[in-house]
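User: Could you take a close look at one part of this model for me, the sheet, and tell me how its strands pair and which salt bridges involve them?

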Amino acid sequence: PESDETRGTNILLLASEDFEQVEVMTIGPLEPEWGFAALRKVPGTNDTYAALKVLEVGKRTETKITVFDLRGNFLLDTPFEIVDASVKYEGIEFLGEYQT
């Protein structure tokens, strides 16, 4: 529905395996037209994640990426980098094996 176009969030929920403990974090500024579409742990790290944030309003679509740690630090020069200014991506995956 059109109302979903402005219900984006910047909230990340961190939960223990049994959901007994739940922590709420904010990732970047609140941008109601932008919502997270994918989140993946970066291989070989303990607390670093890559996430896609997408915009889909009317016929306009965009995708941007961010990399952050669980202390709330952004690890790119710009917290969110545009991936594609005309396509909405809804998944992110790391291919291959990580080797130390």
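Predicted model: local features only at pLDDT ≥ 70, side-chain atom pairs only at ≥ 80, totals over all residues.

Analyst: Happy to. Strand E4 (residues 48-57) and strand E5 (residues 60-69) run antiparallel to one another and pair over 10 bridges; strands here are DSSP runs of E with at least two residues, numbered from the N terminus, and two of them pair if DSSP finds at least two bridges between them.

Residues are numbered from 1 along each chain as its sequence is written, and side-chain values use heavy atoms, with hydrogens and water left out.

Stepping back, the E4 and E5 pair belongs to an open sheet of 4 strands, ordered E3-E4-E5-E6 with antiparallel pairing. Strand E3 (34-41) and strand E6 (81-84) each have a single partner strand, so they stand at the edges and one side of each is left without a neighbour in the sheet. On average, neighbouring strands are turned by 30° against each other, direction ignored; the axes behind this angle are lines fitted to C-alpha atoms.

Now for the charged side chains. The structure holds 9 salt bridges, each defined as a side-chain nitrogen of Lys or Arg within 4 Å of a carboxyl oxygen of Asp or Glu. One of them joins glutamate 56 to lysine 88, with the closest N and O atoms 2.5 Å apart. This pair links distant parts of the chain, since glutamate 56 sits in strand E4 and lysine 88 in the segment after E6, 32 residues apart. Glutamate 56 counts as partly exposed because its relative accessibility is 38%, and lysine 88, at 28%, is partly exposed too. For these labels, buried means under 20% relative accessible area, exposed over 50%, and partly exposed in between (1.4 Å probe, protein chains only).

Another salt bridge brings together the side chains of aspartate 69 and arginine 71, at 3.1 Å from N to O. Aspartate 69 is buried, with a relative accessible area of 4%, whereas arginine 71 is exposed at 61%. Finally, Glu31, Lys53 and Lys64 are linked in a network of salt bridges.

Note on methods. Axes fitted to C-alpha atoms, helices over the stretch in contact; angles between N-to-C directions.
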